[in-house]
Amino acid sequence: MNINLGGSSVTIDGKTFKGNSVCISNGKVTIDGVDQDGELVGDINVTVNGDCESIENTNGTVTCESANRVKTTNGKVFIQGSVSGDVDTTNGDVNCGTVGGSVKTNNGDITHR
């Protein structure tokens with residue numbers, strides 16, 4: 001998973017981090033190039049506490065206020081505000097405000113306000 005935050009904080013499986021760039025690989029969280037303590041197991045649920053540039057996730061739910069681009073493989077996407085670019089998920093529901101680009105899911109529902 002890769003998230004470009006632009007300075008917002010992010011909550012990953014109940015633990016909050018602050019930084020510009022978040023990477024989750026092999027169960028490890030890295031914030032701005034620094035590995036964080038602990039490991040993640042199973043689906044990874046991410047809440048960005050503010051706006052973000054982009055989110056890419058494999059498995060788990062993604063929530064944020066607004067974004068430029070969101071891409072997931074297996075997981076729900078909840079964007080409270082708008083998405084200026086595209087939203088793409090293979091398996092999962094998408095619930096968001098207005099979308100400047102396209103919205104696509106192979107298996108799931110799309111709801112936008």
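I looked up Thr-72 in this predicted model and noted that Thr-72 counts as buried, because its relative accessible area is 2%, against a cut-off of under 20%. I placed Thr-72 in strand E10, which covers residues 66–74.

I next asked what the side chain of Thr-72 makes a polar contact with. The partner is the side chain of Thr-89, at 2.6 Å. Leaving aside residues up to four places away in sequence, I listed the residues that Thr-72 touches as Asn-57, Val-62, Val-77, Asp-88, Thr-89 and Thr-90.

I then turned to the pairing of the strand, and found that E10 pairs with strand E12 (residues 87–91) in the parallel sense, over four bridges. For Lys-71, the bridge partner in E12 is Asp-88, a residue that Thr-72 also touches.

Widening the view, I traced an open sheet of eight strands with mixed pairing, in the order E6-E5-E4-E1-E8-E10-E12-E14. Strand E6 (34–35) and strand E14 (103–107) stand at its edges, and each has a single partner strand, so one side of each is left without a neighbour in the sheet.

Last, I looked up the largest nonpolar core, which has 26 residues, and wrote down Ile-3, Val-10, Ile-12, Val-22 and Val-48 as those with the most contacts inside it.

Definitions and conventions
Residues are numbered from 1 along each chain as its sequence is written. This is a predicted model: local features need pLDDT of at least 70, side-chain atom pairs count only at pLDDT 80 or more; totals for chains, interfaces and linings use all residues. Side-chain values use heavy atoms; hydrogens and water are left out. A nonpolar core is a set of buried Ala, Val, Leu, Ile, Met, Phe, Trp, Tyr and Cys residues joined through side-chain atoms within 4.5 Å. Buried means under 20% relative accessible area, exposed over 50%, partly exposed in between (1.4 Å probe, protein chains only). Helices (H or I, at least four residues) and strands (E, at least two) are DSSP runs, numbered from the N terminus. A polar contact is a pair of N or O atoms within 3.5 Å; within protein, one must be able to donate a hydrogen and the other to accept it, and residues adjacent in sequence count only if both atoms are side-chain atoms. Contact means heavy atoms within 4.5 Å. Two strands pair if DSSP finds at least two bridges between them.
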